[in-house]
Structure formats: C-alpha cells, structure tokens
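Open the model in your viewer and get ready to select some charged side chains. We will go stop by stop.

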Amino acid sequence: MQTTPRTDDATNRRLWCLVGPVVVGGSAAALWALWSISTRQAQFTGMAVLTLVVIGNFFTVIEIRIRSVKEGIHPITAVITLAAVFLPAAEMILGAACGLFLSLLLRRVSDPMKIGFNVGKETISASAAAYAAYSVGTQPILLNSTFSISAVIPGLILAFVAYTLVDAVVSQALFAIVTHNPFRQLVLANFDVQLITRLAQATVALATVAAYHVSEWLLLVLPPLAVAIHLAFANKTRTRQGNEAWQRLAEATDEFNSVNQTDVLYAAVRRATDIFSTDQAEVEIRPPSGDARLVRSDGKEILYDGPPRDAPPSEGYLIPVALESYRGDGDLGELRLRFRGSGPVRFTDREQYTLRTFTAALCTAIRNAATFAETQRLADSHARAAAQDPLTRLANRRRLQQYGDELLAGNAGVVGVLLIDLNHFKEVNDTLGHAEGDRVLVGVADRLAAAARPGDLVARFGGDEFAVLLSGLSAPAIAELRAHAMLDALAPPIELDEMRISVEATCGVTTGTGGSVGELLRRADIALYQAKQDGQRVVVYAQARDTADVTSLTLGGDLARAVAEHQFTVHFQPIVDLASGKVIAAEALTRWQHPDRGPLSPDRFLGAIERSGQLAAFADAVLDQALIAATDWADAGYPIPVAVNVSPRSLLDPSFPDAVARRLSARGVPSSSLVIELTESVTLSKLEVVDEVLAALRDQGIRLALDDFGTGFSSLATLARVPVDELKIDRTFVSAMNTSAPGAVVRSTIDLGRSLDLLVVAEGVEREDQRQQLWELGCPAGQGHLFARAMPSDRLLAALDRGEGHLAAPLHDTGAVIRMSRSRRARRMAQGGTAEPPGRERST
C-alpha cells in the first residue's frame with residue numbers, strides 16, 4: 001500500500017491564519033495600554049512587580065510534549081487573575097506582556113513566530129481578564145485602600161474565567177493545527193486534571209485577596225503555597241501520562257503476540273505514534289533472506305507498505321532506533337519516529353525507557369513471526385511433498401483420496417473417477433531407458449493437467465497409471481465424454497529430442513454421489529481391467545460384471561452387531577378375506593434399521609446374511625418377534641396366524657425344525673399359529689435334507705406356504721412332493737392380470753389351489769376393482785396396499801380393534817343373492833358341485 005505523504009503547506013497557511021490575528025490583537029492591546037499610561041500617572045511599581053512575577057512563573061513551568069510541540073503547565077492563571085483586580089488594566093496588560101517577552105528571551109527562544117504568538121496570546125488573555133473585571137465595576141485594589149472582598153470576588157471570578165477560556169481556546173487551536181488532531185479531542189485530553197489545576201489556582205487567587213485584606217505581610221506565604229500546589233498537580237498530570245503510556249505499551253505487546261508478520265508491523269507503527277506522541281512512525285525490516293520491507297503509519301492509517309527504495313519521502317525531525325536482537329544474531333532493521341518541524345525533540349527518561357522496552361518487544365515479535373513463517377513454509381513444503389508425485393508434480397493417490405472424500409462428504413453432486421493406464425509403456429522404458437520414459441510421463445502429466453477443468457484433480461498413482469477426479473458433473477454420462485477428451489489430449493506424438501513418441505492409453509470410468517473414493521477407484525480399476533480385456537479404449541463400470549460388491553461385504557461385517565443390538569425390526573402386513581374384508585393372517589416383513597445406511601429392505605441384506613454365519617441368529621430373532629406379535633393379537637381376541645419367510649439356506653439345516661419348536665414352546669404359541677413361507681427357487685430341488693426339514697415342520701403342525709408362485713422353477717411334481725398348504729400369487733401377475741399371459745397364470749393358480757385344496761393368496765392388491773375381479777375368479781384371500789401397508793404389531797392391533805377384525809367393507813351384504821359369471825358357474829358345475837357362497841371363509 002502506497003500513499004502520497006502530507007505536505008506542510010496547508011498546515012503553514014492555517015498556522016498563519018491563527019498566529020497573525022493573535023499577534024495583531026496582542027499588539028493592539030499593548031498599544032492601547034501604552035497610550036492609557038501616557039495620559040495619567042502610572043503604577044510602575046505594580047507593573048514591575050507583575051513583570052518579575054511572570055518571569056519567575058515561567059521558570060517554574062513543567063513541560064509536557066505533544067508531538068513536536070511542548071505544552072507548559074504553570075501557575076500563570078492565578079497571577080494574571082490577581083493582577084486583574086490589583087492593578088489598573090493598562091499596567092496589568094503591559095506587565096504580563098513584558099514579563100512573558102523577557103522570560104522567552106531568558107529561556108533563549110529565538111523563533112520570532114513563537115515569541116510573537118506567545119506574547120500576543122498572553123496580552124489578549126490578560127486584556128480579556130482586565131475587561132471582565134472592569135465590566136462588573138471592580139476597582140484596582142492598589143488604588144482603593146478600603147476595598148471590600150465581596151465587591152472584588154465577582155470581578156476576580158470573571159477575570160479568571162475570561163483568561164482561562166481565551167488562553168485554552170487559542171492554545172488548543174494551535175495544537176490542533178500543528179498536530180493535526182481534532183480540537184475537541186485536545187480540549188478533552190486530561191480535562192479533569194486541567195480543571196482541578198485551574199480551580200486550585202482560582203482558590204489561590206481568592207486566598208491571596210483575603211490574605212491581603214487581613215495583612216499585606218501574608219502575601220509572603222502565598223507564593224510558596226501556590227508553587228507547591230502547582231507542582232503537585234503538574235506531577236499528577238505527568239503521572240497520569242506515564243500510566244497511560246505503560247498501559248498503551250502493554251496493549252502493544254499483546255498485539256505483538258501475533259505470529260503474522262504484517263499484523264506485527266502494522267501494530268508497531270500504529271502503537272508507536274500513540275505511545276511516543278509522534279506524527280509518523282515507520283519500521284524497516286531487513287531479513288537475512290528475502291527482500292527488505294518498510295511500513296509507515298500516521299497512527300490512523302497505513303501510509304506505505306512495500307520496498308524501502310520505493311517509499312515516498314517524508315520530512316520532519318527523525319529519531320531512529322536500531323532493532324537489534326539480544327541474541328546478537330544480526331540487525332533486524334530500524335524503528336523510526338518522525339516529528340513535523342525542524343526543531344529537535346528530546347525524550348524524557350521515562351520515554352527513553354519505554355522506547356527501549358517497546359523496541360525489545362518488537363524485536364522478539366519480528367523474530368517469532370519470521371520463525372513461524374519459516375516453520376509454516378517447511379510444513380507446507382512437506383505437506384506438498386506428501387501429497388505430490390515427485391516426478392510429474394501431480395497429486396498422488398493420498399491427495400486424490402483426500403480431495404475426493406471432501407467432495408463426496410460435501411454433497412458436490414456427481415463425482416467421476418477416470419483411471420488411465422498407458423499401453424505398452426514398458427517398451428518405451430526398455431528401448432529408450434528410464435530417463436526418457438520419465439520425460440514421456442511428464443509430458444503425459446502436462447497434457448492431462450491441461451485437459452482438466454477447474455475443480456478437477458489429476459493424479460499419478462505410480463508407474464504409468466494416472467487418475468482424474470471429475471467434480472460437478474451434471475450427469476453420469478458426462479464422465480465418459482470427458483474420458484474420451486482426456487485420451488484425445490494424449491493422441492498427438494510427444495517430442496523427445498529428435499524422436500516422436502506416440503502414446504496410447506486405456507481408461508476405466510465410474511461415477512458416484514456418495515460413499516468413498518476408495519470404492520470409486522476400485523470400480524474404475526474393474527472398468528479399466530474390462531477395457532484391457534475387451535480391447536476397448538474407454539469402459540464404464542457396470543455392476544453386473546463386478547464380482548466383489550463392497551457394499552455387501554460391508555453389510556456382512558455389520559451383521560453380528562446388528563443381531564446383538566436388535567437392529568432388525570419386523571412389520572406385519574395383514575392378509576384379508578377378499579369377500580368379507582376380515583383379517584385372516586399377517587405376513588412378517590423384516591427391515592434392518594442400519595445406523596449409518598438407514599432402513600434397508602431384505603433384498604439389500606439377505607444375500608449377505610446367507611453368506612455369513614449369522615443366518616441362524618437372524619432367523620431366530622425374526623421368528624421370536626413374529627411369535628410375540630401373534631401372542632399379543634391372540635390375547636386381544638384376534639387369534640390370527642403369522643407368516644414368516646424362511647431363507648432357502650435354512651432348509652438345508654437339519655436342526656432348523658428343532659429351533660422353531662423351541663421358540664414356539666418358549667413363547668407358548670401353538671404351531672398352528674405359524675405359517676412358514678418358502679421362496680420358490682432352485683433350493684426347492686430334490687434334496688433329501690430339504691424334504692426332511694419340510695416334513696419335520698409339517699409334522700409339528702406348522703403350515704407351509706409357497707411364496708411368489710409362478711416366478712420360479714416349480715412344477716406340479718414339486719407341489720406333489722412338497723407338503724404346502726398355501727399358494728401366494730406374485731404381485732407382478734396381479735398387477736397385469738388383465739393381459740393375456742399374466743391373467744392366465746392367475747386363473748390357473750386359483751384353479752390349481754382349489755383342485756389341491758390349498759389356500760390361494762393374491763399379493764399386491766392395490767385397487768378395489770382388482771379385489772372384485774380376484775374374488776370373481778375364485779381367489780379367497782389377498783394382501784396389499786388396498787387393505788394396509790406393513791406396520792408394527794401394535795399399530796396392526798389398533799387397526800383390528802377399530803374394524804373389529806376387518807380392514808375393508810364386505811363385497812356384498814350377508815344373505816344377498818349374487819349372480820356369478822357364467823364362466824365361473826360353468827366351472828363349478830363341471831367339477832360336479834354347486835357354486836359356493838361368495839362370502840365363504842376358509843379356515844386357516
């Protein structure tokens with residue numbers, strides 16, 4: 001930051017606008033006083049005494065520096081106030097002017113402007129005091145031997161106020177111009193101490209008048225008393241300034257605790273102008289390595305920050321202080337305090353000590369900031385080395401995984417991974433050598449980096465394998481297009497000295513919106529392998545060709561905890577008599593409340609369970625929850641059986657029937673209240689152990705149901721061999737039963753169930769017309785969203801209570817005569833029976 005320094009031209013003009021009128025006004029008052037004295041007999045003795053007192057008064061002054069200007073604290077207010085009531089106005093004005101002029105000469109002040117301003121100010125202030133006393137009729141005490149104190153006090157007070165106001169206004173106006181500080185700020189600075197000092201001087205003036213009224217000899221006691229009071233209050237002012245300086249120094253050292261070099265330098269120059277009352281402060285640092293730096297401030301803003309050679313010039317009296325390290329390890333730079341004006345500025349002993357303390361703290365702060373910056377640089381360098389491939393300067397695998405995990409965790413949308421492998425790169429190394437091979441790799445890295453888009457990350461995994469992480473894809477298909485673009489960027493030959501090397505590559509592509517980068521890299525690696533196997537340029541990952549589903553492996557690792565922590569919950573979907581709407585059974589449906597993945601349906605975890613050693617524990621936990629629900633329903637007056645799906649692998653376990661029997665006994669549930677649903681699959685083949693397990697279950701009185709009938713490999717021979725009691729029509733046939741093929745499956749399954757005396761249950765009944773049509777075809781029972789979704793056991797019980805065991809209105813009123821369709825009536829007659837009432841209920 002660089003700004004133009006201020007010039008003193010405007011300041012000088014403003015200064016002359018104040019000094020000129022003061023000098024003219026003081027001269028006019030002095031000329032009037034001389035003319036007045038010439039017309040009468042003057043009191044030269046009193047004027048001489050006043051001149052001597054003023055001279056002595058200014059030799060007791062205590063100076064306080066504000067920037068380059070010194071403000072004097074002295075008892076002149078009391079002296080002039082007393083002179084206003086003791087002497088005639090002309091003698092008082094001339095005595096004050098002469099006394100101040102002589103004191104300045106004796107103090108060797110040679111600047112005409114300073115002499116003219118101070119004498120003029122004092123003459124005007126004394127004139128104001130004299131006029132104020134005269135305005136209330138106060139007669140000079142030396143001309144009135146029988147004066148009254150009560151008559152003098154008003155004039156004394158007005159003279160005091162007039163002198164104080166004029167002196168303070170003119171003095172502070174000068175300081176405001178010279179120091180560029182607001183007038184109001186200067187007036188309020190140390191206002192309380194100044195007020196007390198002035199009031200003390202007024203008290204001394206009153207005491208002097210009272211003492212003189214008693215005896216003229218008492219005046220000899222008052223000067224020492226006035227000087228003592230003056231010194232006490234002056235010392236109080238200096239003490240306060242010292243305390244404030246130490247407080248500001250403490251605040252500065254607190255700011256120096258920052259490890260940022262800029263913060264330290266900015267705090268130093270701002271605080272220095274305040275602590276040492278300078279117009280400007282600057283710090284130049286010269287580090288052992290690197291460029292020098294200069295920072296300059298006027299206490300309000302930073303005027304310059306940059307190389308010292310480019311800094312604009314700045315005038316004024318300069319106090320330079322070397323920044324030397326106490327460890328003796330070299331010169332750190334220099335602190336410079338600048339004051340406007342050509343006159344020298346000298347620090348008091350306290351200020352010099354404060355300056356030494358300030359510079360010592362600044363040296364320590366600069367050194368600490370430099371040490372921290374170097375430590376941070378080394379840490380950043382090591383971090384880059386740990387996340388960067390040393391040959392190509394691309395990211396390495398660690399950095400790619402870190403960046404990818406950040407994208408996936410931040411819901412960055414579709415993220416793609418391209419895994420690129422160079423074809424036949426070994427031939428380049430074998431033919432040209434590894435040094436030239438490295439040059440080829442660097443060229444490939446540069447081209448991939450140039451082809452990447454903002455937000456993408458190109459990495460080298462080692463050897464001739466590269467990876468590109470794509471972020472912010474609008475659709476998964478974009479990743480394949482980007483992969484082709486990346487390989488196109490490698491197509492032009494790479495120039496190696498006088499050789500041109502053609503580079504070909506193969507790419508595996510995958511995308512995702514969650515999970516981990518590790519899984520995406522695994523999938524991209526599978527796609528890359530497939531591309532090489534098939535001789536293709538780019539292949540997108542396909543799960544169907546993935547023989548190692550990580551999700552299933554992960555779920556398998558969570559199963560033991562899931563069983564132990566009862567993460568598997570069972571909901572129940574009622575099975576309803578289609579004609580009456582009465583609940584005749586309920587099917588248990590298992591869900592896994594995974595703590596990380598949320599609710600999982602059986603198709604997501606059954607495969608993992610069947611491959612794990614937790615199948616028996618899982619089956620036992622589900623069966624136990626189902627039997628508890630059946631017990632609760634029976635206790636409430638609804639003795640409906642519960643159907644539980646059994647994994648085909650459980651049928652290969654000879655101990656499975658005994659485990660079911662133990663669970664029934666433990667819960668006190670009759671075996672007739674349990675229906676075990678068997679999935680129609682190849683596991684229901686002609687295996688002897690399966691037949692034995694099913695027979696043992698049936699011997700216990702447990703009913704068996706064949707689920708999803710028509711979708712597997714079953715046949716009439718299987719139904720004749722397996723002792724099932726129910727057939728369940730798969731929902732896919734029910735939803736499409738108005739079409740030819742699915743409708744034929746539905747009708748044939750209903751007829752087959754009737755022929756074998758099996759209960760037929762239609763799954764997926766969602767509309768009233770489906771219920772009506774199924775009932776007309778002769779299907780006695782159904783389940784689906786038309787009646788109820790799967791729900792917890794207590795909610796199903798509440799639904800049963802509300803409908804008194806029914807979840808739907810009956811299709812027809814009791815006793816109504818129903819005209820059956822001709823086809824259905826014909827079938828009944830062909831079977832040699834009569835059409836059964838539509839409201840017939842089957843026992844379960």
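## A tour of the salt bridges

Start with Glu282. Its relative accessible area is 3%, so Glu282 is buried, under the 20% cut-off. Keep in mind that this is a predicted model.

The side chains of Glu282 and Arg336 form a salt bridge, 2.9 Å from N to O. Glu282 sits in strand β3 (residues 280-285), and Arg336 sits in strand β7 (residues 331-339). The two are 54 residues apart, so zoom out to see how this pair links distant parts of the chain. Is Arg336 buried or exposed? Arg336 is buried, at a relative accessible area of 12%.

Glu282 and Arg336 belong to a network of salt bridges, together with Glu284, Arg286, Arg296, Glu334 and Arg338.

Next, select Arg537 and Asp488. Their side chains meet in a salt bridge of 2.6 Å, N to O. Arg537 lies in the loop between α16 (517-534) and β14 (538-540), while Asp488 is in helix α15 (residues 477-489), so the bridge ties together parts 49 residues apart in sequence. Arg537 is partly exposed at 34% relative accessible area, and Asp488 is partly exposed at 44%.

Last stop: Asp620 and Arg663. Their side chains form a salt bridge at 2.7 Å, N to O. Asp620 is in helix α19 (residues 615-635) and Arg663 in helix α20 (residues 656-667), so this pair ties together parts 43 residues apart in sequence. Asp620 is partly exposed, with 29% relative accessibility.

How values were computed. Residues are numbered from 1 along each chain as its sequence is written. This is a predicted model: local features need pLDDT of at least 70, side-chain atom pairs count only at pLDDT 80 or more; totals for chains, interfaces and linings use all residues. Side-chain values use heavy atoms; hydrogens and water are left out. A salt bridge is a side-chain nitrogen of Lys or Arg within 4 Å of a carboxyl oxygen of Asp or Glu. Helices (H or I, at least four residues) and strands (E, at least two) are DSSP runs, numbered from the N terminus. Buried means under 20% relative accessible area, exposed over 50%, partly exposed in between (1.4 Å probe, protein chains only).
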